[in-house]
Amino acid sequence: MSDMTSSTGSENSELKLFDDSPVQLEPFQVEVVRSKKRRRTVSAQMHGDVLRVSIPSWMSKSEEASNVAEMVRRFKRKIATQEVDLTDRARILAKRYSLRTPDSIEWAENLTSVWGLCTPSTKTIRMSTRLVGFPSWVLDYVIIHELAHLHVSGHGPDFWEITRRYEKTERAIGYLIAKAGDTEDDNDVIDSRDAATP
Ligand SMILES: [Zn+2]
């Protein structure tokens with residue numbers, strides 16, 4: 001059993017590519033499939049231009065709407081992240097600011113409490129996909145912040161001395177603090193481990 005709902009294309013205007021121009025994402029059709037077998041989980045897959053969202057059959061219309069909106073948002077983020085070559089960006093920034101290059105830097109969908117996370121022992125960095133709509137100079141700051149952790153683990157004065165090689169550090173921190181208080185993302189919680197903000 002399935003029914004078609006109209007695509008929620010209104011979110012397009014919120015997304016920005018990292019060159020600060022709006023992302024030209026094709027609004028995609030959403031198809032909702034109610035499954036009797038599916039008891040708890042909601043899943044979504046792209047089939048051509050159609051995002052097929054599978055939900056449990058018992059779900060109410062309002063639960064359906066919020067789950068579909070979340071899935072649409074996740075897929076738009078996923079599409080937008082594919083536009084950005086993080087490895088290339090990190091390499092350029094590392095060179096420009098005399099920082100170490102990570103062994104890997106990747107987007108992470110499940111990084112909800114922090115903007116970025118660096119694991120110095122493996123020289124790996126993960127970046128929250130929530131950064132997708134933000135201007136390029138903010139993304140650059142978070143990359144530099146995580147690159148700096150390849151040199152210094154904590155957030156002491158020597159750490160900030162490194163991050164302030166980047167001229168827009170203060171401005172980017174202000175931007176991220178404002179975004180963390182944004183009600184648009186329910187799970188936007190600043191984590192003291194690595195919030196990329198002081
Ligand atoms: Zn940090």
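A residue counts as buried if 20 or more other C-beta atoms lie within 10 Å of its own, as exposed if 12 or fewer do, and as partly exposed in between; the C-beta atoms are placed from the backbone. This is a predicted model: local features need pLDDT of at least 70, side-chain atom pairs count only at pLDDT 80 or more, and totals for chains, interfaces and linings use all residues. Residues are numbered from 1 along each chain as its sequence is written.

**Whole chain**

Start with everything shown. The chain has five helices and seven strands. Helices (H or I, at least four residues) and strands (E, at least two) are DSSP runs, numbered from the N terminus. Read from that end, the order is β-β-β-β-α-α-β-β-β-α-α-α. Of the 198 residues, 25% are buried. Two residues are in contact if their C-beta atoms, placed from the backbone, lie within 7 Å. Among contacts with a separation of 6 or more, 48% join residues 24 or more positions apart.

**Stop 1: Val138**

Select Val138, in helix α3 (residues 136-148). Is Val138 buried or exposed? Val138 is buried, because 22 other C-beta atoms lie within 10 Å. Leaving out residues up to four places away in sequence, Val138 touches Ala172, Tyr175 and Leu176.

**Stop 2: α3 against α5**

Now show helix α5 (residues 169-180), whose axis lies 9 Å from that of α3 at an angle of about 100 degrees. Axes are lines fitted to C-alpha atoms, for helices over the stretch in contact, and angles run from 0 to 180 degrees between N-to-C directions. The two helices, α3 and α5, are therefore roughly perpendicular. Select Trp137, Val138 and Tyr141 of α3, then Thr169, Ala172, Tyr175 and Leu176 of α5, to see the contact. Six of the contact residues are nonpolar, one is polar and none is charged. Here Ala, Val, Leu, Ile, Met, Phe, Trp, Tyr, Cys and Pro count as nonpolar, Asp, Glu, Lys and Arg as charged, and the others, Gly among them, as polar.

**Stop 3: α3 against α2**

The axes of α2 and α3 come within 10 Å and cross at roughly 70 degrees. That makes α2 roughly perpendicular to α3. Which residues meet here? Arg89, Ala90, Leu93 and Ala94 in α2 meet Asp140, Ile143, Ile144 and Leu147 in α3. This contact has six nonpolar, no polar and two charged residues.

**Stop 4: the sheet**

Show the open sheet of three strands, ordered β5-β7-β6 with mixed pairing. β5 (104-108) and β6 (116-119) are at the edges with a single partner strand each, so one side of each has no neighbour in the sheet. The twist averages 15 degrees from one strand to the next. Strands pair if DSSP finds at least two bridges between them. β5 and β7 (residues 124-128) are parallel, over five bridges. Pick Ala108 and its bridge partner in β7, Ser128. α3 packs on the sheet, touching β6 and β7, and its direction makes about 20 degrees with that of β6.

**Stop 5: the hairpin**

Zoom in on β6 and β7, antiparallel and joined by four bridges. Cys118 is opposite Ile125 in β7. Four residues separate the two strands of this hairpin, and Lys123 in the turn has a positive phi of about 55 degrees. In a regular strand the side chains alternate between the two faces of the sheet. On β6, Gly116 and Cys118 form the covered face, while Leu117 and Thr119 form the uncovered one.

Notes: Parallel < 35°, antiparallel > 145°, perpendicular 65-115°, else oblique.
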